[in-house]
Amino acid sequence: MSYRDVASRPVLVWACTAVGARMPVAMAPLALVFLVRERPGGYSLGAALAAAYVVGEIAGAPVLGLRLRPDRARLHLARGLACGAVGFAGPGLAPDAHPLVLCGFAVLAGAAPAAATGALRTLLTELVPERAAAQALSVESMLMAGVWAVSPAAVAGLALGVAPRVPLLLAAALMASSIAGLWLLPAAWGGKAGTGSGRVGGMPLLRVLTGVWPVYVTGAASLALLGLAELVLPALLEQRGIGVGWSGPLLTGMAVGGGIGGFVHGLRVWPGLLRTRSVVLMAGVSVCVTTAALSPSAAVIAAALMVGGTLQSGAMLTRNLSLRDALPPDALAAGYSVMYAAAGAGYAATGSLAGGLLRAVAPSTAMLAGVGLTLALTAIGWWGEARAAACLPRGADRAAASAEAGGTAPAPGPAAGVEGMGARGVEGGG
């Protein structure tokens, strides 16, 4: 396996478009906090605006994803990204507006482009040969890790060095530029028009998507754990007597680890079923976060977070590959959008858990509680996938394992794709 099949002009255009669409997402929460921090109650208002933005994402991703039609993908995405650009530009142009107005803009900025992640991911896999799907998703993981590593520093530098409104105006410009990039990419992908009508292969789309709920559960768990580490990190450093200013470099290291994990995952075919690999990787992430929670050394915390980011990237890739195996092609964009919402919900839930626990327990204890919750979610997701696989015809799960190890599996029918979660050989052919 190699990345040669992914190195093409269409993928480069896709990457530029994806950065324009996704960097504003990475910038948004911190940019909203910096925008209002000098107003009375600024930090509380900033947290509320960031929460409104996340709520918009969580609500918008599944709703808009379910309405996305593969044959009209470009128009659908352009409308969403245009409305999202307006949502970012509004607070930047009117930073002193009433909090409810700012909240409305934040919800719009989060909700309107929320289907873009799933749609662009689906489009990426259409731009490469079938055998290179795993490498394409690894490239996406590396690209997004870079975006998340750069965004906090960019927001802080522009807000403090130029003006608090500048990060949001930059986000609006980036999102608007991604609309232009869409016109250099295919207007549609290989799915059929039936997705937008709410049916796939004669079955209701909602039923198709809910049939793969275990993948969403473990997908949420894979992001929730490091999300908890990220949110609790400043308080943990203070507890250990380490300067809170180190939180930025440590989180950058975690993002760099994510990029490394994405690269390594795409270098070869990995043995075992996707659900098994996911559990192993999530166990490794849990060990890393536990080590960071218990260690008094800044160096050990940094190493644990970087390794944890590497493993988490691989875990999230297994979830995306599992979703690609489990769903018919026509339902993939909607499925990725639901996964995006599930991951956002997991992140929001860990944020709420951390906020509640930090009032009563030490930061290290709050992180350990998050580890326990994540392991429980991982176990539930694995059980659901294993139970679904047990419903397959005899030998089908073995065929899935063979496909993941480099063989070829037949395309699933509705029963196999929805209830059995069988493989389509996305990692084969390398």
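I take helices (H or I, at least four residues) and strands (E, at least two) as DSSP runs, numbered from the N terminus. I number residues from 1 along each chain as its sequence is written, and I leave out hydrogens and water, since side-chain values use heavy atoms. The model is predicted: local features need pLDDT of at least 70, side-chain atom pairs count only at pLDDT 80 or more, and totals for chains, interfaces and linings use all residues.

**Ser178**

I looked up Ser178 and found it in helix α7 (residues 166-182). Buried means under 20% relative accessible area, exposed over 50%, partly exposed in between (1.4 Å probe, protein chains only). Ser178 has 2% relative accessibility, so it counts as buried. I then listed its contacts (heavy atoms within 4.5 Å). Leaving aside residues up to four places away in sequence, Ser178 touches Thr17, Gly20, Ala21 and Leu81.

**Helix α2**

Next I checked the length of α2, residues 42-67. The expected span is 1.5 Å times one less than the number of residues.

α2 has a kink of about 30° at Gly60, shortly before Pro62. Gly60 is also among the buried residues of α2, as are Leu45, Tyr53 and Glu57. The buried residues of α2 pack against α1 (9-36), α3 (73-93), α4 (99-111) and α13 (332-357).

**Cysteines**

How many disulfides are there? I used pairs of cysteine sulfur atoms within 2.5 Å, and the count is 0. Cys16 is exposed because its relative accessibility is 55%. Cys83, at 37%, counts as partly exposed.

Methods: The bend at a residue is the angle between axes fitted to the seven residues ending there and the seven starting there.
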